[in-house]
Every structure is written in structure tokens, then in C-alpha cells.
Amino acid sequence: MPHDSAEFSWWNGLPYTLWRAHNAVNRVLHDAIKDLGVTVTQLGLAVHLDQLGALSASDLARGIHVTPQSVATALARLDKLGWVNHQPHPVHGRVVLFTLTERGREGVRDGSARMAEVTDRMTSVLSDGGAETVVRELRRILVELEGSDRPTETLWPIRNP
């Protein structure tokens, strides 16, 4: 139901509250992983490579809805840390594929454990079933705004032809 602009309160509105919650969660996540030497975005890319296997920077950018430049910068950092390897695509020689190294897999395991601790902290303040409800409702918003609630949906045709 649309809000009447005269009655709408910026401070109490859903977009503003989501934005504040996003910023708070981002700060807590950053603090949880900062000694790993990666950002939340860099860890997220490593998780995708761990789960999906070799991908190009373009595949990753499309899959998580960020700019190719941001992905290239993040992958360069992961490469410098020894978390990823890169090699030419076996068919499309101009395409570079990225894979995780063992060091990258260790970083993903450590970072994922820390993310789980943050998740536990967040869900502990919700009522029973609250986390599932929040996730379900946020996914409904994602479907409305982006057409999908799956961040890597655009990767599946690439990974599973």
C-alpha cells in the first residue's frame, strides 16, 4: 500500500531502516573479518568461487550485481593475498578464470565461521522464527525490485549448461 507523502516519516520508513540496518551489519561484519585482510565483498567473491568453481570477473560481477571494476579490484586484492589463481579460459582464450587456492579455501572457512557468529548475534535478538520471517520478507522485496532473490542466479546457466 503506497504511503501518503504527508504521512510518511523518513525516519520510520522501511528504506531508511533497511539502510541503517545494512550499515550496522556491514560495520560488524567488517570488524569480524578485518584481520583476515579482506573486505566483506572480497570474502563474498571467495565464497562464490568456493561454491561455484572457476569463474571470470564478468561472471562474478553479473552474479552479485556489482560493477566489473569493483570485482576486478577485489580479485586483484585476493590475488595479492594468495587466495586466488587465474588462468585463461580453455575455450575463450581472452577470458580469465579465477579459482581459489588452498589459502583462499582456508580464508573462506575462517571468514564463514566469523560470519556465522555475526548471524548468531543478530538472530539471538529476534523472536522464535523471526530470522526466517525477516529473510523471507527481504527476499520478497528482492524479487519485486530485482526480479530474483538469488544473487548468483545469472551464473547458473554458465556453470550448469
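In the protein chain, 58% of the contacts with a separation of 6 or more link residues 24 or more positions apart. The model is predicted. The chain holds 7 helices and 3 strands. Along the sequence they run α-α-β-α-α-β-β-α-α-α.

**Surface and interior**
- Of the 161 residues in the chain, 27% are buried.
- The chain exposes about 11,000 Å². Carbon and sulfur atoms supply 56% of that area.

**Salt bridges**
- The count comes to 6 salt bridges.
- One of them pairs the side chains of Asp35 and Arg114, at 2.4 Å from N to O. Asp35 sits in the loop between α1 (14–33) and α2 (40–52), and Arg114 in helix α5, so the pair ties together parts 79 residues apart in sequence.
- Asp35 is exposed, at 58% relative accessible area, whereas Arg114 is buried, at 16%.
- Arg62 and Asp59 also meet in a salt bridge, at 2.8 Å from N to O. They are 3 residues apart in helix α3 (residues 57–64), so about one helical turn separates them.
- Arg62 is partly exposed, at 43%; Asp59 is buried, at 9%.
- Glu102 bridges to Arg105, with the closest N and O atoms 3.2 Å apart. This pair, too, is 3 residues apart, in helix α5.
- Shared partners join the salt bridges of Asp35, Asp110 and Arg114 into one network.

**Thr101**
- Thr101 lies in the loop between β3 (96–100) and α5 (102–124).
- Thr101 counts as buried because its relative accessible area is 13%, under the 20% cut-off.
- Its side chain reaches the backbone oxygen of Gly82 at 2.5 Å.
- Beyond neighbours within four places in sequence, Thr101 contacts Gly82, Trp83, Val84 and Asn85.

Technical notes: Residues are numbered from 1 along each chain as its sequence is written. This is a predicted model: local features need pLDDT of at least 70, side-chain atom pairs count only at pLDDT 80 or more; totals for chains, interfaces and linings use all residues. Side-chain values use heavy atoms; hydrogens and water are left out. Helices (H or I, at least four residues) and strands (E, at least two) are DSSP runs, numbered from the N terminus. Buried means under 20% relative accessible area, exposed over 50%, partly exposed in between (1.4 Å probe, protein chains only). A polar contact is a pair of N or O atoms within 3.5 Å; within protein, one must be able to donate a hydrogen and the other to accept it, and residues adjacent in sequence count only if both atoms are side-chain atoms. Contact means heavy atoms within 4.5 Å. Accessible areas come from the Shrake-Rupley method with a 1.4 Å probe; for residues, only the protein chains shown count as cover. A salt bridge is a side-chain nitrogen of Lys or Arg within 4 Å of a carboxyl oxygen of Asp or Glu.
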